[in-house]
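Hi everyone, and thanks for coming. Please have a look at the structure on the screen, and then I'll walk you through a few of its side chains.

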Amino acid sequence: MVQHVVISGTNLCQHLQQTGTQLRSLPVFPVSQGAAKRPAPSRRQQQQLCTCQAASEEQPLDRRALLGAGVALTAAGQLSLPRSAPAQNVYKDWERVNLDVDPNIVLLDVGFEESDPNHGFLLGSRQTLLETKDAGRTWSPRSIAAAKEEGFNYRFTSISFSGAEGWIVGKPAILLHTTDGGSNWERVPLSAKLPGNPILVKAIEGKSGQAEMTTDQGAVYVTDNAAYTWTAAVQETVDATLNRTVSSGISGASYYEGSFSNINRSPDGEYVAVSSRGNFYLTWSPGQTFWQPHNRPSARRVQNMGWTPTNRLWLATRGGDVYFGSDKGSTGNFDQVKLGSRGFGILDVGFLDKTLGFACGGSGTLFRTEDGGKAWKRDRSADDIAGNLYSIKFFPQNKSGFILGNAGILLRFLA
């Protein structure tokens, strides 16, 4: 219910002086037809108003000044003014993009062509592929004929571009390749003996045809000839590594189910992966022969891990705690940060640059940092969204960003 403050005409001048209202900056509202007309102000009242205006000429218009917003309606009699609500210092950096997709679709990744930052693709389960040509404001369905040859309903999991050359991987094992920005996609055969399903692909900058592909069992393959041949960068799967190191003090290693729940790659080519149950994590750097298992820094199980732009690890637990590596690289030393997640799990962390970043999670949970992750504040952009936010992707080439959520939720960063 709107409350009103009633101010008599004789006290109007004093009220305006106290609030610092400028008469010339207030809106004039027309009187509706049929409304009773008030008598015109007398000469003395007009002089009083002019005196008020002159006295407040140099005063700034603040929140209290809004109480005088109806002063232009009348100069005499009584004035009824709405009481304004207190201002709130909140962030709203994201807007929702409406997608014409089944709410049961799980969105899994988004990628943009580097040679045309307005052109990109959004992919997910049930062979979902959407295309944008306006930097993600609108999306249209796309189909790939090469992915329909065997009648599988593929789950596209990862996409990556270098220039106009792009790659898509999915489950069951599938690899797609384009050299013209996605106008045409070619199916690249994969060996039936491939350990696990492709879970992540990265287009490598440099000469064309270079890419890196990782499976959910820890196999890492590299190609420099457009996938005609692949070279294994890791000598054994994670299963084999853990069988050798089961007595090395890694808690929960004996309960490993043979696949990763999450995996991320740093800009320097390092990998971090969370075990299927979240009871430990693993890292791999170029030149290493095997994955390196590590104990988690918290009693709570690991939800997800990734890399900051400064090559430090971040770690989120299933209870909503967030940790950052105290040093660069995979040293295993972590410091907890205060996030105030209220128990909602943090599912992903992403950075636009070295300072600005976001953390997202269950029930529309969204936080913002402006100092590289030291301090966090609530971002209320998703407060009205009934869903979980589980993936953040930024694209520095056009300063765009997207958050993916369940039920076809897609948020676009307002740069």
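I'll talk about salt bridges first, and then about one serine.

A word on where this comes from: it is a predicted model, in which local features need pLDDT of at least 70, side-chain atom pairs count only at pLDDT 80 or more, and totals for chains, interfaces and linings use all residues. Residues are numbered from 1 along each chain as its sequence is written, and side-chain values use heavy atoms, with hydrogens and water left out.

Side chains of opposite charge can pair when their charged atoms come close. I'll call it a salt bridge when a side-chain nitrogen of Lys or Arg is within 4 Å of a carboxyl oxygen of Asp or Glu. How many salt bridges does that rule give? The count comes to 10.

Let's start with Asp 93 and Arg 368, whose side chains form a salt bridge at 2.7 Å, N to O. Asp 93 sits in the loop between strand 2 (78-82) and strand 3 (94-96), while Arg 368 belongs to strand 26 (residues 366-369), so this pair ties together parts that are 275 residues apart in sequence. Strands here are DSSP runs of E, at least two residues long, numbered from the N terminus. Both partners are buried, meaning under 20% relative accessible area; exposed is over 50%, and partly exposed is in between (1.4 Å probe, protein chains only).

Next come Lys 393 and Asp 109, with a salt bridge of 2.6 Å, N to O. This one links distant parts of the chain, 284 residues apart: Lys 393 is in strand 28 (residues 389-395) and Asp 109 in strand 4 (residues 107-112). Are the two partners buried or partly exposed? Lys 393 counts as partly exposed because its relative accessibility is 23%, whereas Asp 109, at 7%, counts as buried.

Finally, let's turn to Ser 160, which you'll find in strand 8 (residues 155-162). Ser 160 has a relative accessible area of 8%, so it is buried. What does the Ser 160 side chain have beside it? One of its polar atoms lies 2.9 Å from the backbone nitrogen of Ala 203. Setting aside neighbours within four places in sequence, Ser 160 is in contact with Glu 165, Gly 166, Trp 167, Val 201, Lys 202 and Ala 203, where contact means heavy atoms within 4.5 Å.

That's my tour, and I'm happy to take questions.

Note on methods: Helices (H or I, at least four residues) and strands (E, at least two) are DSSP runs, numbered from the N terminus. A polar contact is a pair of N or O atoms within 3.5 Å; within protein, one must be able to donate a hydrogen and the other to accept it, and residues adjacent in sequence count only if both atoms are side-chain atoms.
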